[in-house]
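Please look over the model shown here before reading the points that follow.

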Amino acid sequence: MVATLVKLKWRLTLNALTKNTWAIVGTVIGALYGLGALGMVLAGAVGLGLEADPQVIALLTGALGALLVAGWAVVSLLVTGIDSTLDPRAMAAWTAPSRGLAVGLLAAGALGIPGCLTAVVCLVPALTWLVAGQVLAAILALLCAPAALATCVILSRIVVTAAGISSSRRGRETTAIIAFIAFLAATQLPNLIPRLIGNDIAGFLQHLRTVAQVVGLSPFGWAFAAPGLLATGSVLAALALAVGAWILPVALLPLWQRVVGKVMTSPGA
């Protein structure tokens, strides 16, 4: 089932591209942009490992990793209409809900272009810790990377499929509202930052550091924060977060199966 769904996804994707020249152009541009951004991330990871101390590396990797996981859910809500090949509603007429189907849909999502790029990004902390000379932290980062990718994919599919974004008018309206709020936040951010900083730059940086620590230690950042705790001497806490990072996608999988079963048996499927 898993291999069949992965092949089906790529076949549908390639068929859609061959029938639309602009889709090919957009895909190529998007892929080049993604590769360029990935190159910048790798360069930044090496520089961080060479220049920063373990405390700073742990803070940045934990916070940025948590934002990556959360970003998968938010961005998927905004761009889900581009890829409907993972919508279980489209398969309701051909098969019944099952664990194999649910896992296959997740595998197809992870092996798409965004999933492959994210997989590489999830491995970047291992490179940073290796360059910094923290071999054990690098090994732990490698072990936690699959858990981080699995959490990204499962969380995004649960959010998008349960919201019914790609199959209902209400879902499209929800997407428009989220996009409008995101646009407002992006446009007002340059005006808000100077007001938040004020004259107390040191105080603002301390608050920012606290926020980064909290975000990194949230469930979204467990897979990325665990190596940092190991590198800074908190061995037991690092092991606890590493175990939690693997428990999280395992705990989300039954929820994803229920979502798939619910939407495939709904009247609109």
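1. Contact here means that heavy atoms lie within 4.5 Å, and helices are DSSP runs (H or I, at least four residues), with strands being runs of E of at least two, numbered from the N terminus. In that sense, Cys 122, Pro 125 and Trp 129 of α5 meet Phe 224, Pro 227, Gly 228 and Ala 231 of α9. The residues of this contact divide into 6 nonpolar, 1 polar and no charged, where Ala, Val, Leu, Ile, Met, Phe, Trp, Tyr, Cys and Pro count as nonpolar, Asp, Glu, Lys and Arg as charged, and the others, Gly among them, as polar.

2. This is a predicted model, in which local features need pLDDT of at least 70 and side-chain atom pairs count only at pLDDT 80 or more, while totals for chains, interfaces and linings use all residues. Residues are numbered from 1 along each chain as its sequence is written, and side-chain values use heavy atoms, with hydrogens and water left out.

3. How do the axes of α5 and α9 cross? The axes of α5 (residues 113-131) and α9 (residues 222-231), which are lines fitted to C-alpha atoms over the stretch in contact, with angles running from 0 to 180 degrees between N-to-C directions, come within 10 Å and cross at roughly 15°. The two helices are therefore roughly parallel to each other, a term for angles under 35 degrees.

4. As for the whole protein, its secondary structure comes to 10 helices and 0 strands. Of its 269 residues, 36% count as buried, that is, under 20% relative accessible area with a 1.4 Å probe, protein chains only.

Key
Parallel < 35°, antiparallel > 145°, perpendicular 65-115°, else oblique. Buried < 20%, exposed > 50% of the residue type's maximum accessible area, 1.4 Å probe, protein only.
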